[in-house]
Amino acid sequence: MRIKNLYPLCFLVFIFSLTSFKVEAVEIYVSLNGSDQQSGIKEQPLATLNAALRKARELRRLNDPAVKDGILIVIEKGFYNLKEAVVLRPEDSGTHDSPTRVMAAPQAEVILSGGVNIKNWKKASGNISGLPKEARGNIWIADAPVMGGRVLEFRQLYVNGKKAVRARDANGSTMNRILSWDFKKQTCKIPTPKNLSLSNVEGVEMVIQQWWAIANLRVKAVKVEGKATELFFMEPESRIQSEHPWPAPWLSEKTGNSAYYLTNAIQFLDQPGEWYEDIKNRKIYYWPAKEVDLRTAQVIAPSLETLVKIEGTIDHPVSHVTFKGISFQHATWLRPSQLGHVPHQAGMYMLDAYKLETPGTADKKGLENQAWVGRPAAAVEVSFAHHMVFDSCRFEHYAATGLDLKKGTHDNELKGNLFKDIGGSAILVGTFSDEATEVHLPYLPSDQREICKNETISNNLITDVTNEDWGCVGIGAGYVQAINILHNEINDVSYSGISMGWGWTKTANAMRDNIIKGNKIHHYGKYLYDVAGIYTLSAQPGSFITENYIDSIYKAPYAHDPEHWFYLYTDEGSSFITVKDNWTPAEKHLQNANGPGNVWQNNGPQVSEQHKQAAGLEKRYQYLLKHKVTNPTNQPINSKKEIDLH
């Protein structure tokens, strides 16, 4: 039944402009005070975005003439707890002349949250088994949420908008170092902890730093042998971790062995700001930070893995939908708790990987290893869609990826958004490797509609991301064509700022005509090296990296090689790329195993002041800078003087 026929006089006309012209659109309203049984007009708003999208879908299905100039879904101020992902399918598509826009009401803060509020905190009394002495009298307890008879498991906890620390043995930024790794037994030896029992290791994880990645390994058992303790791990990560050659645990008398910490046990809960979830007893333990009053605090555990899923097909894509002014918050990712997490690069986790006894593949005769990878979940996932816009939105408080343009997308625009407090990469775009495809094989599909192309990622602030999976990146692009990465500011990342390319191959593939221009990248490489502000892989004819500003790489405290960091880095197979007019404080750049056709011209401190000052957010978007996080722990920075000495 058509809304128009039911309420012919009730629709208000909302005049708005997203480009240079004005249109009149049908309005559908959503409010915390609404009901999905109502009509959706301003006086009778709906309660959920899913219901509003259904209303819009029905108008289009019935070819209602009221949608001639588009549909506007207006969400009123409020914190909306999502019970399921918001899903857009081909039937939700608009057109060029009749787009669908989902917007926050004027001046309204609209939050779509995938989290669950944790309430009814009480000060702990009595003995809590395993709790350290220093924590006694300081711990508060709440019941863990139970849904359908199952306790909600989570890996993050947000207190008053700030991520609390999952209890760990080494506090702050400190880590310990492994003693050895037995690849045949698939075990690791660590120093036996002092004043800390490992008799109960149920749920304990080891987070280990290795070259350009970390790994999350679930501990199965421990064997104490005096000053050394041997750790045994669960499958499948035990086999993958010990069989894959790159990146492997680092063993070095010169720079120190791989650093690690242990996490997720009651015995690690020993300082303010830490928490622990006891799955078996359905309890959450938290030692409040000094400024937190749990009687009034907002405490949120993430529940949904994906908040918004835009999913078309190769023949029937989703198109012409805009999100503007919406905040997407709180998304979980539990695979590390269920199967471990051993990444290959840029957060892509290995499903299988091993060293070849006899090197060589059809594409690379000298290749000595193979790997197959999966892709982390994202809070907002987009596949087979075009002319989608995310404008002035916020992406915050996630376990894994922020926004992912996965496959078959084109002519989409991400502009003026904030990406902050994200465990993995802020933005991913394009195929890296499908799960069935070995990672070193070049990707060039017979149906090129699969390739992500003509995307624009501009004027976004990306800050405090990759703060759980340290090997992820600010912006990661796989096999893409004609991507424009322009005037973004990226800072406080654990590894590289922008990574473009995949495959480690000089062979012709899907990549070409990509542009990385005018970006400002600083305070990166916080934990991991073999890193750069801008990093590339494989052949990409017609691609340009130009007029970017790159500065202030952190001194990573446990890097495998303290000198192996760069401002610009074209890695294996990089070919036919022009790198020109990029400002860096020194010419610390690397070209490693590159192919033909690269052009390097005028990169370093001599680049004009004009290019330097023009990089980063354009004036219209600089209001975002108030949300920037820069070096909150005063971590040392590699200075030009030290670079010159080396």
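**Notes on the model**

1. Let me start with threonine 570, which sits in strand 52 (residues 565-570); strands (E, at least two residues) and helices (H or I, at least four) are DSSP runs, numbered from the N terminus. Threonine 570 has 2% relative accessibility and so counts as buried, where buried means under 20% relative accessible area, exposed over 50%, and partly exposed in between (1.4 Å probe, protein chains only). Leaving out neighbours within four places in sequence, threonine 570 is in contact with Thr536, Val579, Leu590, Gln591, Asn592, Asn594 and Trp600, contact being heavy atoms within 4.5 Å.

2. A word on the basis of these notes. This is a predicted model, in which local features need pLDDT of at least 70 and side-chain atom pairs count only at pLDDT 80 or more, while totals for chains, interfaces and linings use all residues. Residues are numbered from 1 along each chain as its sequence is written, and side-chain values use heavy atoms, with hydrogens and water left out.

3. Not counting residues up to four places away in sequence, serine 425 touches Ala346, Ala400, Thr401, Gly402, Cys472, Val473 and Gly474.

4. For contrast, please turn to glutamate 43. This residue is in the loop between strand 2 (23-30) and helix 2 (49-61), and its relative accessible area of 55% makes it exposed. Its C-alpha atom is separated by 26 Å from that of cysteine 393, 350 residues apart along the chain.

5. Seven strands form it in the order 16-22-19-20-21-18-17, with antiparallel pairing; two strands pair if DSSP finds at least two bridges between them. Strand 16 (176-177) and strand 17 (180-182) are the edge strands, each pairing on one side only. Within the sheet, strand 20 and strand 21 (residues 228-233) are joined in the antiparallel sense over six bridges, and alanine 221 stands opposite phenylalanine 232 in strand 21.

6. Strand 30 (residues 348-355) and strand 31 also pair in the antiparallel sense over six bridges. Here alanine 353 stands opposite alanine 371 in strand 31. Strand 31 (residues 369-374) has five of its six residues buried, so it is largely enclosed by the rest of the structure.

7. Which peptide bonds deserve a check by eye? The bond from glutamate 235 to proline 236 is cis, with omega near 15 degrees, and proline 236 lies in the loop between strand 21 and helix 3 (237-243). The bond from tryptophan 246 to proline 247 is cis, with omega near -15 degrees; proline 247 is in the loop between helix 3 and strand 22 (259-263).

8. Positive phi values come next. Histidine 397, in strand 34 (residues 394-398), has a positive phi of about 65 degrees although it is not a glycine. At 7% relative accessibility, histidine 397 counts as buried. Serine 538 has phi near 70 degrees and is found in the loop between strand 49 (531-536) and strand 50 (539-546); serine 538 is buried, at 0% relative accessible area.

9. On to the cysteines. A search of the whole structure finds zero disulfides, a disulfide being a pair of cysteine sulfur atoms within 2.5 Å. For cysteine 452, the nearest cysteine sulfur is that of cysteine 472, 18 Å away. Cysteine 452 is buried, with a relative accessible area of 1%.

10. Finally, the second largest pocket holds about 730 Å³ of space. A pocket is an open set of points on a 1 Å grid over the protein atoms alone, with protein on both sides within 12 Å along at least five of seven lines, and lining residues have an atom within 4 Å of a point; a volume is the space filled by probe spheres (1.4 Å) set on the points, which are joined across faces, edges and corners. Of the 30 lining residues, Glu202, Gly203, Asn264, Tyr276 and Asp278 are the closest to the centre of the pocket. Strand 23 gives the most to this lining, with four residues.
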